[in-house]
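Visitor: I would like to go through the terms used for this model and see what stands behind each one.
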Amino acid sequence: MIFETIGFVTFASVMLGLVLSGSVKGIFGIGFPVVAMAILPLFIPPITAIAIIALPIVVTNLQQLLSEKNWRKIVYRYKYMACFMLLASFLSSQLLTQISVELISAVIGFALALFAIYSLFNFTIPVTAHPAWQILAGASSGLLSGMTGIQSTAIIYFASLNISKNEFVGGVGYIFLIGGLGLTIGLLNNNLLNSSTGMLSLFGVLFSVVGFKLGSLLRPYIHSELFKKLLFLLMLIIGMKQIYQF
């Protein structure tokens, strides 16, 4: 049934893309939706790609959050950010059926470029965990998440805070989980996550987890800094190309 919808070659290409995306997350702890949304739209429409990565985002980041011992404290500390992330990602996902594919591609390009620029140059901004900053970060990241699945500003926000590595990993996992839930609910509400895309998304969970495990095993053997720079330079080129084409 799935192969009849998109074809075996397309299915295999998409799932391989998710394995690669999961591998990047396994190596660095971040980057799954960024890599996925750089690869998947090469084979399927961007809206379909967003629907497919929704469930993998939820599952992988739930696992990432619960892997931290102090996850309950993280959930409580970033509750304001989570609330606005959920609301903004749900609302922005409702725009997917109202705007052109070209505009969606341009927004994806912007999110890719923003993430790549941060990753290449490690810029930070003077922020705190104050509710006002959380609301701003949650709303802006949710806006991008609901339209692209990519949560660039959340990464920049957490990286700019003076927090431990464990809290960073747990916080990113928590907020990405919430953004993924908002996106999933929104996609269900406008029927973009239906029987066909839902089944593809479930398969996507399996292949993403396989990729994550593979990345975890490869992590000790990869020169991470060089790999990271080349990967995010490619993300920047793809992102700028999508913006230019708009």
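Visitor: What makes the second largest pocket a pocket, and what is its volume?

Guide: The second largest pocket has a volume of about 260 Å³, a volume being the space filled by probe spheres set on grid points joined across faces, edges and corners. A pocket is an open set of points on a 1 Å grid over the protein atoms alone, where a 1.4 Å probe fits, with protein on both sides within 12 Å along at least five of seven lines. The model is predicted: local features need pLDDT of at least 70, side-chain atom pairs pLDDT 80 or more, while totals for chains, interfaces and linings use all residues. Residues are numbered from 1 along each chain as its sequence is written, and side-chain values use heavy atoms, without hydrogens or water.

Visitor: Which residues count as lining the second largest pocket?

Guide: Those with an atom within 4 Å of a point; among them are Ala 38, Glu 102, Ile 238 and Phe 246. Helix H12 (224-245) gives the most, with four residues; a helix is a DSSP run of H or I, at least four residues, numbered from the N terminus.

Visitor: How do the residues of that lining divide into nonpolar, polar and charged?

Guide: Seven are nonpolar, three polar and two charged. Ala, Val, Leu, Ile, Met, Phe, Trp, Tyr, Cys and Pro count as nonpolar, Asp, Glu, Lys and Arg as charged, and the others, Gly among them, as polar.

Visitor: What span is expected of helix H2, and what does it reach?

Guide: The expected span is 1.5 Å times one less than the number of residues. H2 (residues 8-28) has 21 residues and reaches 30 Å from first C-alpha to last, close to the 30 Å expected.

Notes: Helices (H or I, at least four residues) and strands (E, at least two) are DSSP runs, numbered from the N terminus.
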